[in-house]
Amino acid sequence: MSKYVSLTEEEKAYLDSKIVLRKYLKGQYLVQQGDICKYECYVVSGCTKTSYVDDLGQEHIIMFSIEDWWTSDMASFINQSPADFNIQFLENTELIAISHDVIEDLYKHVPKLERFFRQVVEKAFIASQKRVVRNLSMTAKDRYLFFKEQYPEIEQRIPQYMVASYLGITKEFLSKIKSQLIMDQ
């Protein structure tokens, strides 16, 4: 937070009194499609995936979150409406969880935090838009190379079928891309 806002000791103490450290086991969910997302979460340790399951039961991975990243179904959290996404823990994970009521209280008592969370949401929105452009303009091979370069620590922590889902391709096609890259070396 200190990158974005400067808090007084009193404001830090108030913030600390309101946040909750929660631990989840691998396989558990923060939220599932149709439920209300209760928390905006900062990942202290661990890894999550945000996904959408379509009417045919096909999972589409939207994003991963690791240490020092935020995770939530933002539309559900902000509007307190049914979630479009599932957020599942891929590893045992520790989060700082902030409920909707608490975040509204924090905005009132520590107005600087509203600016901070606005900036967090802006960064997430920009990243989401850039991902859409990459998916529309890059080949699957280039998307994979970008993912591998941009997020090397994530690729090492998750199964390849999840990387493929995130890239919008089959695991077989990802395997083919990887084989081709090895042959090109």
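Biologist: By class, how many nonpolar, polar and charged residues are in the lining of the largest cavity?

Modeller: This is a predicted model, and the count of cavities of 30 Å³ or more comes to one. The residues that line the largest cavity are Arg131, Arg134, Asn135, Arg143, Phe146, Phe147, Tyr151, Tyr166 and Leu167. Tyr counts as nonpolar and Arg as charged. By class, the lining has five nonpolar, one polar and three charged residues.

Biologist: Which helices each supply at least two residues of that lining?

Modeller: The space in question, the largest cavity, holds about 70 Å³. Its lining includes Arg131, Phe146 and Tyr166. The elements that each supply at least two lining residues are H4, H5 and helix H7 (160-167).

Biologist: How are H7 and H8 oriented to each other, and why?

Modeller: The axes of H7 and helix H8 (residues 171-184) come within 8 Å and cross at roughly 100°. Angles of 65 to 115 degrees count as roughly perpendicular. H7 and H8 are therefore roughly perpendicular to each other.

Biologist: Which residues of H8 make the contact with H7?

Modeller: On the H7 side, the contact is made by Gln160, Tyr161, Val163, Ala164 and Leu167. The residues of the contact of H7 with H8 divide into five nonpolar, one polar and two charged. From H8 come Lys171, Leu174 and Lys178.

Biologist: At what angle does H7 run to S5?

Modeller: H7 lies across two strands, strand S4 (48-53) and S5. These strands belong to an open sheet in the order S2-S7-S4-S5. The angle of H7 to S5 is about 100°.

Biologist: Which residue in S6 is the bridge partner of Tyr42?

Modeller: Six bridges join S3 to S8, which run antiparallel, and Tyr42 stands opposite Ile96 in S8. S3 also pairs with S6 in the antiparallel sense, over two bridges. In S6, the bridge partner of Tyr42 is Trp70.

Biologist: Which element gives the largest share of the lining of the largest pocket?

Modeller: The largest pocket has a volume of about 1,500 Å³. It is lined by 45 residues, and those nearest its centre are Met63, Trp70, Val120, Lys123 and Ala124. The elements that give two or more residues to this lining include helix H1 (9-18), strand S3 (39-45), strand S8 (93-99) and H4. The largest share, 14 residues, comes from H4.

Biologist: How many residues of the lining of the largest pocket are charged?

Modeller: The lining of the largest pocket has 29 nonpolar residues and six polar ones. Asp, Glu, Lys and Arg count as charged. The charged residues of this lining number 10.

Biologist: How are H3 and H4 oriented to each other, and why?

Modeller: Helix H3 (residues 100-109) and helix H4 (residues 112-137) pack with their axes 6 Å apart, at an angle of about 125°. The contact is made by Ile103, Leu106 and Tyr107 of H3 and Leu113, Glu114 and Phe117 of H4. These residues divide into five nonpolar, no polar and one charged. An angle of 65 to 115 degrees would count as roughly perpendicular and one over 145 as roughly antiparallel; H3 and H4 are therefore oblique to each other.

Definitions and conventions. Residues numbered from 1 in each chain as written. Predicted model: local features only at pLDDT ≥ 70, side-chain atom pairs only at ≥ 80, totals over all residues. Heavy atoms only, no water. Axes fitted to C-alpha atoms, helices over the stretch in contact; angles between N-to-C directions. Helix = DSSP H or I, 4+ residues; strand = E, 2+ residues; numbered from the N terminus. Parallel < 35°, antiparallel > 145°, perpendicular 65-115°, else oblique. Contact = heavy atoms within 4.5 Å. 1 Å grid on protein atoms, 1.4 Å probe; cavity = no way out; pocket = protein on both sides within 12 Å on 5 of 7 lines; lining within 4 Å. Points joined across faces, edges and corners; volume = space filled by probe spheres on them. Pairing = 2+ DSSP bridges.
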